[in-house]
There are 4 protein chains.
Amino acid sequence: MKSIGIGIIGAGVMGAEHARIIAGEVSGAHLAAIADADLSRAEAAAGGAKALTDAEALTADPEVEAVLIASPDATHHRLVLAAIAAGKPVLCEKPLAASTAECLEIVEAERRAGRRLVQTGFMRRFDPAYRDMKQVIDGKGLGDVRILHCQHRNAAAPSWFTGAMAITNSLVHELDICRWLLSTEYTAVTAIPSPSGDPALFVFETEAGFLVSVEIFMNAAYGYHVHAEAVCETGTVSMAQPALIRSRHEGAEAAAFPQNWIPRFRDAYRIQNQAWVDGIRDRTPPKDASTAWDGLVATCLADQIVGAIAKRDRLVFELPPRQ
Amino acid sequence: MKSIGIGIIGAGVMGAEHARIIAGEVSGAHLAAIADADLSRAEAAAGGAKALTDAEALTADPEVEAVLIASPDATHHRLVLAAIAAGKPVLCEKPLAASTAECLEIVEAERRAGRRLVQTGFMRRFDPAYRDMKQVIDGKGLGDVRILHCQHRNAAAPSWFTGAMAITNSLVHELDICRWLLSTEYTAVTAIPSPSGDPALFVFETEAGFLVSVEIFMNAAYGYHVHAEAVCETGTVSMAQPALIRSRHEGAEAAAFPQNWIPRFRDAYRIQNQAWVDGIRDRTPPKDASTAWDGLVATCLADQIVGAIAKRDRLVFELPPRQ
Amino acid sequence: MKSIGIGIIGAGVMGAEHARIIAGEVSGAHLAAIADADLSRAEAAAGGAKALTDAEALTADPEVEAVLIASPDATHHRLVLAAIAAGKPVLCEKPLAASTAECLEIVEAERRAGRRLVQTGFMRRFDPAYRDMKQVIDGKGLGDVRILHCQHRNAAAPSWFTGAMAITNSLVHELDICRWLLSTEYTAVTAIPSPSGDPALFVFETEAGFLVSVEIFMNAAYGYHVHAEAVCETGTVSMAQPALIRSRHEGAEAAAFPQNWIPRFRDAYRIQNQAWVDGIRDRTPPKDASTAWDGLVATCLADQIVGAIAKRDRLVFELPPRQ
Amino acid sequence: MKSIGIGIIGAGVMGAEHARIIAGEVSGAHLAAIADADLSRAEAAAGGAKALTDAEALTADPEVEAVLIASPDATHHRLVLAAIAAGKPVLCEKPLAASTAECLEIVEAERRAGRRLVQTGFMRRFDPAYRDMKQVIDGKGLGDVRILHCQHRNAAAPSWFTGAMAITNSLVHELDICRWLLSTEYTAVTAIPSPSGDPALFVFETEAGFLVSVEIFMNAAYGYHVHAEAVCETGTVSMAQPALIRSRHEGAEAAAFPQNWIPRFRDAYRIQNQAWVDGIRDRTPPKDASTAWDGLVATCLADQIVGAIAKRDRLVFELPPRQ
């Protein structure tokens, strides 16, 4: 069976992590090349594969059969369009692009290309805990969902984090995963920031009728913690604390939280990347993957929330017509 | 040491429960009499004590040194005033009275009496789990509170429940306990009912600045479940699942929920009643007890929320001047 | 209703705790007197009650209608016999007496008195968690028990603890509670101490056929932890971690252990003492209370285990004929 | 990078599972061939790879660079020797062989071959929960281990299970994993079967001094449950319940158990197989893998326990001299 050559653009934290996964944990693919403006960083992540500084050259390389984009957000739009133009499948870290208009260009470019080429890297859709929750929700054994409570807590926001990034960087994950988990679209949001702005609480209304409450806390200090609880007609389903072991020490029984999203979603990234590779091989994109349209929706909603956060009023969302 | 004679008004579910507690689980007091419009019900709850139909006669009885009111809500105002007039300490099940105006009459009557006679039966203040949470919060080991999330879930609303009762009967407990837990006052609320009205989500702002989110679900089906999680600057503190045992059976490890508030708050009622009796004996009302003013605040806020629930707008609370 | 006057012998840690419970948390009784060789200690625990140094005088005092013994172990035998001689109900902290022969004297003295006067203070029988477990086991919903695993862990053994005390002081609780929990008698034990002697593992065989494994760890360091898991034909039932709250802080979610047996079994002591008082009033000893015979069995088994611990062989128990 | 061709012998439950993993989840390898006496079963598991009935032919096939044995236990000895003779790395499902003598032949054949070719399929060494436990134990943050408690519970023993298979099939996993987890060797065992024989309790002594207690329950009914708790000098570390989600329904909060070992150890098998493949590529066997010698130890100890189970006496183990 032929192994698919993957080219990765970006050799930062996520690019290096993707390189590790593609090279060492995915069946049916290999790391063909990795590009980064900083060549030494590309080389460090490349293992035996090619290291480049030129992303365009990587996309054009005939040994690169599919492209994985983990470069700075501002470059996504251009690089995804280049992959589409080259007719190569592309998995792009979120956000798909920086604005609704740019996302729309990508959606349209893919439509013109005549086949699904774009996957947005909302990896949570492949997280086993979210998938177990979705299976319970879809199975209807607990009846319809009435309210979904979500918490997204980072131990500490990076120093370069601005207020809007809590929305465009963190809330955006909730925007995507809850649409997928609940198979519905948001219609409106009420944003209620705490006086210091962090945490903030968002209450979404949905086409299906139920509510989604989301707490975003960028400086929760105690650890990285993503939690969801679906409250349904006859019961609830929620995530278990993700630790595999428990210890008893110094007066307490304790279970550890991961430090950040990488250990928490390690399996999700691997499974996402395997599904992406399988989809390329089978010419059938993975059923649950986030599409270009999904990437657009996330960016579009986040943009409107950023615009509305200062006002406390309920915001009714607007989306471009579905392509 | 002299035992204090307690008279109970009302021999329904809660009246009978209080009779059981006073007669069998409280030190320094005994059940002197119990009154109910239905004499047979009063007799069933009385054990060897007097059973009456006339609440006024009970309050006037010289063997009744303190009065515990567990009669229908509409009678509370009149009966509390009668106890104050008789100069007898009174513990009144919530609500203290049906309207802010009636509560204010009680507050003023007590003020004129010149000493603390009234305790409102917000028993959660004596619940060991809430007290453990308060100790952690007040200890500041986790820094200041940033947001408090509360869930109040009943297995099923009684058939006679109307929409407003979710607020006046259930939310009212959250109104009282969170003020006490966080040592602050609410300033405003945003109410976001789900389309079916149940559950409903309420987001409170407080003088201290942080937020309080409360989900009220009257028909949660799976059991009676009261939960609170305080999210603080450097950590969180929340209630553990209240079961004492866990079983493994038929493919799962499970811990049971209580069926309703009585088993869940059995200890809270006992400890509240003991503290009330101790306070009478020592002529020092229990430090944490809910006062007449606290009863007024709960009724006053609930009334405003009932009036505002139809409108989705943020409601700024108004309170009469603190007496 | 008449209040029963209780006399307590011993004003150490447990005596003072019992005085607090009798004076402040039990219905239908009051603390009449407390005796301790150290008068100031007796006075400190007495509240307004009489403080004495003479235990015999306390037992003889006509205002003392029932006696609670919490004095040093070596005095139990003599003091229990004195209470029986005085015809007064007596609740004796474990051990009932220091040897099987002494216990047998008590059993026979009580038999000659013609009525149940003695209760051995194995308070765990009144612990809500053990009672919930017993209800599940007796309900047979999980089928018959196949093995019961127990852990008894102290944070640290007191300095005056000798090896045998792990058996006579700690294991003895397991000896009593498991007989009660499982409604059977032990037939044999295999003792397997770890090389350092602490922890030690004991595997009991029972008349009913199933096994009981007990780990005793006197210096478990992390906290005071008593745990039991009954493994039955179709499932298991075990104790939940006893904390009422959980906190998340510094990278972990944690639930605290109590420091020692007093907070862990606070409710058990209160409920035991209330049941004892109720039994005196109703002239019907509490159904589940540990009798003089139960006290004898615990001491008798512990004695045999102490004698056999050095040998690794299986020990078949011998008991005097049931009185 | 060259992909390694794997040949699998046996297309039953485990063989098919290994085929799925090698073909779809492992980087750097592909399924070259699969052999089974039942050709249709081999074909069903083969995907596009070769399907054979002849295991010898598979081992000899030049496209098969490494052999994975998942055939009936009785064939392991012969097939492992054949792989060694062919100079091909071999991963053999446990047991390595049916007797100590046969295992010894394998150990000696590998020694003569001059390099590590054999890995025994004790996959638990790659289970993330066991690895997290080992990291805590080896880190010594809790001090030395004092006792390790293990439970191995199957929902129901297959109909063809005989008593000895509880030892050779189930206990054997505990024999291997605890040696690895604790970095020590067993010196003796006391076996204490319950009267019905199931469950049985085994208490092991070790060279390092501490104890290991193991409960084997072949018909635990409630689910498949493997648990371990290491009790150390200053604390404990144990496995968390492995469910990723929790549900609340019909009066209880519940977390599901897997039905059998395949979902429980799905990750362990994948990680084991990836490590095996990586080790072949790097010519460096995985550090933690179970060797031929480890396979011998497990079989040798299990054999002695089977011989001794009827006798209740303590059994001192004997092992052939370490090769």
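Two strands pair if DSSP finds at least two bridges between them. Keep that rule in mind while looking at this predicted model.

Start where chain A meets chain D. Strand 12 of chain A, residues 235-239, pairs with strand 13 of chain D. The pairing is antiparallel and runs over five bridges. Within strand 13 of chain D, D:His249 stands opposite A:Gly235. This pairing crosses from one chain to another. The contact between these two chains involves 30 residues of chain D and 30 residues of chain A. On the chain D side, three elements each supply at least two residues: helix 6 (128-139), strand 12 (235-239) and strand 13 (245-249). By class, that side of chain D has 14 nonpolar, 12 polar and four charged residues.

Now turn to the contact between chain D and chain C. Here 24 residues of chain D are in contact with 24 residues of chain C. Strands supply this side of chain D: strand 7 (145-153), strand 8 (186-193), strand 9 (200-206), strand 10 (211-217) and strand 12 each give at least two residues. Strand 10 of chain D has the largest share, with four residues. The residues on this side of chain D divide into 12 nonpolar, seven polar and five charged.

How are chains D and C related? The same surface serves both copies, since 100% of the contact residues of chain D recur in chain C.

Next, follow strand 10 inside chain C.

Strand 7 of chain C, residues 145-153, pairs with it in the parallel sense over seven bridges. There, C:Arg153 stands opposite C:Phe217. Strand 9 of chain C pairs with strand 10 in the antiparallel sense over six bridges. There, C:Val203 stands opposite C:Ser213. Strands 9 and 10 of chain C form a hairpin with four residues between the strands. In that hairpin, C:Gly209 takes a positive phi near 110°.

Six strands form an open sheet in the order 3-2-1-4-5-6, with parallel pairing. Strand 3 (50-52) and strand 6 (118-120) of chain A are the edge strands, and each pairs on one side only. Neighbouring strands of this sheet are turned by 20° against each other on average, direction ignored. Inside the sheet, strand 1 (residues 4-9) and strand 4 (residues 66-69) of chain A pair over four bridges. A:Gly7 has A:Val67 of strand 4 as its bridge partner.

Helices cover this sheet. Helix 1 of chain A, residues 13-24, packs on the sheet and touches strand 1, strand 2 (29-35) and strand 4. Its direction makes about 155° with that of strand 2 of chain A. Helix 4 of chain A, residues 76-85, lies across strand 1, strand 4, strand 5 (90-92) and strand 6. Helix 4 runs at about 170° to strand 5 of chain A.

Finally, check some backbone details. Most residues other than glycine have a negative phi, and most peptide bonds are trans. C:Ser183 has a positive phi near 55°. C:Ser183 sits in the loop between helix 7 (163-182) and strand 8 of chain C. This serine is partly exposed, with 13 other C-beta atoms within 10 Å. D:Ser183 also has a positive phi, about 55°. Two cis peptide bonds deserve a look. One joins B:Lys94 and B:Pro95, with omega about 0°. B:Pro95 lies in the loop between strand 5 (90-92) and helix 5 (100-113) of chain B. Another joins C:Asp198 and C:Pro199, with omega about 10°. C:Pro199 is in the loop between strand 8 (186-193) and strand 9 (200-206) of chain C.

Terms used
Residues are numbered from 1 along each chain as its sequence is written. Chains are lettered from A and ligands numbered from 1 in the order in which they are written. This is a predicted model: local features need pLDDT of at least 70, side-chain atom pairs count only at pLDDT 80 or more; totals for chains, interfaces and linings use all residues. Two residues are in contact if their C-beta atoms, placed from the backbone, lie within 7 Å. Ala, Val, Leu, Ile, Met, Phe, Trp, Tyr, Cys and Pro count as nonpolar, Asp, Glu, Lys and Arg as charged, and the others, Gly among them, as polar. Axes are lines fitted to C-alpha atoms, for helices over the stretch in contact, and angles run from 0 to 180 degrees between N-to-C directions. A residue is buried if 20 or more other C-beta atoms lie within 10 Å of its own, exposed if 12 or fewer, and partly exposed in between; C-beta atoms are placed from the backbone.
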